[in-house]
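Please open the model in your viewer and keep the selection panel at hand.

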Amino acid sequence: MNKNKSIDYPLLVFIAIIYLIIYIVQYTDGIFEKELGFPQILLPAAIFSGMYFGDKVGAFFGFFIGAAVDAVSANVICYNTIFMLLAGYFGGVLVQLIINNNFRSSVIISVLFTLIYYFGIWIINSFDKAILSLNLLPSFFSTVFFSLIIYLALGLIIKIRKKLLSKRN
Amino acid sequence: MRFFLRSKRFKTICGIVACLLVTSIVIRIIGGTIAPHASFMGAITQPFRSIATYISNTVNDINTKLNSGTELMRKNDELQKRVDELSEMVVDYDNIKKENEFLKGFLEIKQENKDFSFIDATLISRDMGDSGFTFTINKGSVNGISNHDPVITSSGLVGYVTEVGPSYSKITTLLSNNIKVGCLDYRTSDVGIITGSPKLSEKGQTNFYNLPRSCTVALNDIIVTAGGGVFPEGLVVGTISHLSSDENQTSITATIDCSVDILNIKDVMVITYFEGQGSITDK
């Protein structure tokens, strides 16, 4: 569905700035509390990019978001870059080939990728039960929760942008 | 589906992923450096993170001062006095004297160890998704920091440098289950290994394991680094708060209260050189 659509570059830049702000807020010490699980908000953000702007933009955003996360993350080298690149790309591909681009399918894809993302970390940590229960599961649920907020907020931004463009035309 | 798999874009993505996997493996073998693309993104975002950290700290300070600072400080003084009185009554005088002498000795480390070269650094970001509380500091290879350099504060050991970028470095803390530090009980000289645990890290505690069953370690004993290789000897790690046997009853494991408040740390010192500094091949 994104094949014939020309890319709205001002909107892309705006979304990129939002992602940068999310990144800074997430990884600045003292802003986010760990108690309720640390959400990886940038993962649904990468998938969103793929779903709304196409697989090419999704892969582009996924790569740079992943690289930025890898710069501060304790995970295995390149894990976030590879995963978010693929998540952004396949987010776009799934929308083009299989599913409709709506809120429900966005959430389903996001939950699926989040599950795979944390399962991957669990494998890297040699299936450590303590890490799963104390760290990964709370993080998974909080990421899913924040996915809903992210999709609603970014969806709203895109709607407003479309309205503005249609008014201008 | 066949068309999709044969598409140029899919092949490009596969190529990029393959390159990243190779990069990951090569860096894993070489060790100690951040992947080039991550290093690039880290360098770009570092000024933003530094500014955000500065703003966050300033807002917290102002908030504390304005809202509850004076009241908290007064209460803190009162409680501190009370704690001091109780401590004097409860704690054995000889132990206190011994501990004081030791801590006094540690404070003189800087003067005594002329061979130590320090670089002070500030924490700019923290991976809250990691149970080991890995964090990033604002100094890197251009400042003289290299892989495996020990990181300390005036209270004791924090961890060591595991990845170095040009202008920032990643620190693996004592709370991480990826760290293994040879340590000894300062009083008894019993030797064991320090490693983190997800169950203990939230409380600022770590594990001291592989102690022989014949050891004579006791609660409140001070644990210091054994020296040799990555860490200089005599850096304070913490005190023993709990003792237990392992599952097979073959060795003793102790829980250590870290002397450094790693969860709320802001400034650290990186030891870039000390006499006898070596390197580890693999964790």
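The stops below go from one chain to the interface and then to the other chain.

This is a predicted model, in which local features need pLDDT of at least 70 and side-chain atom pairs count only at pLDDT 80 or more, while totals for chains, interfaces and linings use all residues. Residues are numbered from 1 along each chain as its sequence is written, chains are lettered from A and ligands numbered from 1 in the order in which they are written, and side-chain values use heavy atoms, with hydrogens and water left out.

**Aromatic rings**

Select Phe83(A) and Tyr117(A). Their ring centres are 5.3 Å apart and their planes lie at 65°, so the pair is edge-to-face (rings of Phe, Tyr and Trp, the last by its six-membered ring, pair if their centres lie within 6.5 Å; planes under 30 degrees apart are stacked, over 60 edge-to-face, the rest tilted). Phe83(A) belongs to helix 4 (residues 79-97) of chain A and Tyr117(A) to helix 5 (residues 103-124) of chain A, 34 residues apart; helices (H or I, at least four residues) and strands (E, at least two) are DSSP runs, numbered from the N terminus. Phe83(A) is buried at a relative accessible area of 12%, and Tyr117(A) is buried at 2% (buried is under 20%, exposed over 50%, partly exposed in between, with a 1.4 Å probe and protein chains only).

Next, select Tyr19(A), Phe60(A), Phe61(A), Phe63(A) and Phe64(A), which ring pairs link into a cluster. Over all chains, the search finds 22 aromatic pairs.

**The interface**

Display both chains. Contact (heavy atoms within 4.5 Å) joins 44 residues of chain B to 40 residues of chain A. The area buried between them is about 3,700 Å², with 68% from carbon and sulfur atoms; buried area is the accessible area (1.4 Å probe) that two parts lose on being put together, summed over both. Arg9(B), Ile13(B) and Met128(B) supply 16% of the area that chain B buries against chain A, more than any other three residues.

Select Arg9(B) with Asp55(A): their side chains meet in a salt bridge at 2.6 Å, N to O (a side-chain nitrogen of Lys or Arg within 4 Å of a carboxyl oxygen of Asp or Glu). One salt bridge is found across this interface. Helix 3 (36-90) of chain B gives the most to the side that touches chain A, with eleven residues.

**Chain B**

Finally, colour chain B by secondary structure to show six helices and twelve strands. Of its 283 residues, 44% count as buried.
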